[in-house]
Every structure is written in C-alpha cells, then in structure tokens.
Amino acid sequence: MTIPRLNSAGRFDPANLFTPTSIAVLGADSERGAQIVANLAIDRFKGEVHTSIVQNVSLAVLALPPDHIGPAMAALAEAKCFAAIVPGPADDLAVHAARTGVRVLGAYSFGLAVPSLNLNATRSHIAPPPGRIALISQSGALSRAVID
C-alpha cells in the first residue's frame, strides 16, 4: 500500500501514521507507555524508538497525564511531528489538535498495529498477524477480541 506524501512542511502526512519510520513514546514509565514500548521491542519494530521528542520523528505515543498532553502536542509540532496516539485520557484534545496541527488517535486509543512493519503500538500483549484484512474500530474490547 502506497500512501501519498504531502510536500508542505508543518502539515500532517498520513504516511507518518500508517508507515512510521520512527516513534517517540512519551510517558514510557507509565503503565500504558511501558506496555507499548515493550510491544515495540518484542515485535522488533523496523524503525527507531525514542522515549523523548526528537526532530522529525514520524509518530508519537503520548502516554502522559491529561494535563501534559497539550504542552506535549505543542512540542511535537515544534519538532515537526504531526501524528500522535493518545492511549489514555486527554483534556481538550480537539482544541490541542486544532491549535498545533497534530492529528491524534485518541483519547483512550487502543493503538495502532501494522504487522508488515512489526509495529504493535497497541495496548494488547498479542501482536496481530500479517494478513490481508484491516480492522478499524472505536472499541478497544472488540479490537482485543479480534486479535485474541
């Protein structure tokens, strides 16, 4: 699957969400963050994994307290990262997204898995197998049941 890239700086690029080359997990010491870092390590994600914001990282996971999400999104935008996942609660997420230009899966997102990249940035301890079927769901329970 080829996802077209946008050429303008400071904008969301869908390829960074669906085919990230690097991931920053902020809040890696939290329960949700630790699970996602472990999944990325166990599944041997093909890209770089960082536990802090670095310039031009493709995707960020914000496993932070709700009051830290807004400042983290501002820092992501400054570092030219415009794709994020928020696996926990977040106050005023739509406002922060509109202000920073960072597109977000969340709040309370189950995560994102792309088996062809060995990417399991989900809250599931089981990685989905590669295949020809995609699942998009608002329900974490349904996603977990399908993966199980």
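A polar contact is a pair of N or O atoms within 3.5 Å, of which, within protein, one must be able to donate a hydrogen and the other to accept it. The views below are taken from a predicted model.

**View 1. Serine 109 in the loop between β5 and β6.** S109 belongs to the loop that connects β5 (103-105) with β6 (111-114), and a polar atom of the S109 side chain lies 3.0 Å from the backbone nitrogen of G111. Because its relative accessible area is 10%, under the cut-off of 20%, S109 counts as buried. When neighbours within four places in sequence are left aside, the residues in contact with S109 are I85, V86, P87 and R123.

**View 2. Proline 87 in the loop between β4 and α4.** P87, which is found in the loop between β4 and α4, is buried, with a relative accessible area of 1%. Although P87 and G33 are 54 residues apart in sequence, their C-alpha atoms are 8.3 Å apart in space.

**View 3. The two sides of helix α4.** Within helix α4, which spans residues 93-100, the residues L93, H96 and T100 are buried. Seen down the axis of α4, these buried residues fall within an arc of 65°, and they therefore line one face of the helix. An α-helix has 3.6 residues a turn, so residues three or four places apart point the same way. The exposed residues A94, V95 and A98 are carried by the face of α4 that is turned away from its buried side. The cover over the buried residues of α4 includes α3 (66-78) and β5, and the helix is followed by G101, whose phi is positive, near 85°.

**View 4. The largest nonpolar core and leucine 62.** The largest nonpolar core has 33 residues, and among these I23, L40, L62, I69 and L119 touch the most other members. Two or more residues of this core are given by each of β1 (22-26), α2 (31-42), β3 (59-62), α3, β4 (83-85), β6 and β7 (119-122). Not counting residues up to four places away in sequence, L62 touches L26, I69, A72, M73, L76, A84, I85, V86 and P87. In soluble globular proteins, nonpolar side chains tend to be buried together.

How values were computed
Residues are numbered from 1 along each chain as its sequence is written. This is a predicted model: local features need pLDDT of at least 70, side-chain atom pairs count only at pLDDT 80 or more; totals for chains, interfaces and linings use all residues. Side-chain values use heavy atoms; hydrogens and water are left out. Helices (H or I, at least four residues) and strands (E, at least two) are DSSP runs, numbered from the N terminus. Buried means under 20% relative accessible area, exposed over 50%, partly exposed in between (1.4 Å probe, protein chains only). Contact means heavy atoms within 4.5 Å. The arc is that of the directions from the helix axis to the C-beta atoms. A nonpolar core is a set of buried Ala, Val, Leu, Ile, Met, Phe, Trp, Tyr and Cys residues joined through side-chain atoms within 4.5 Å.
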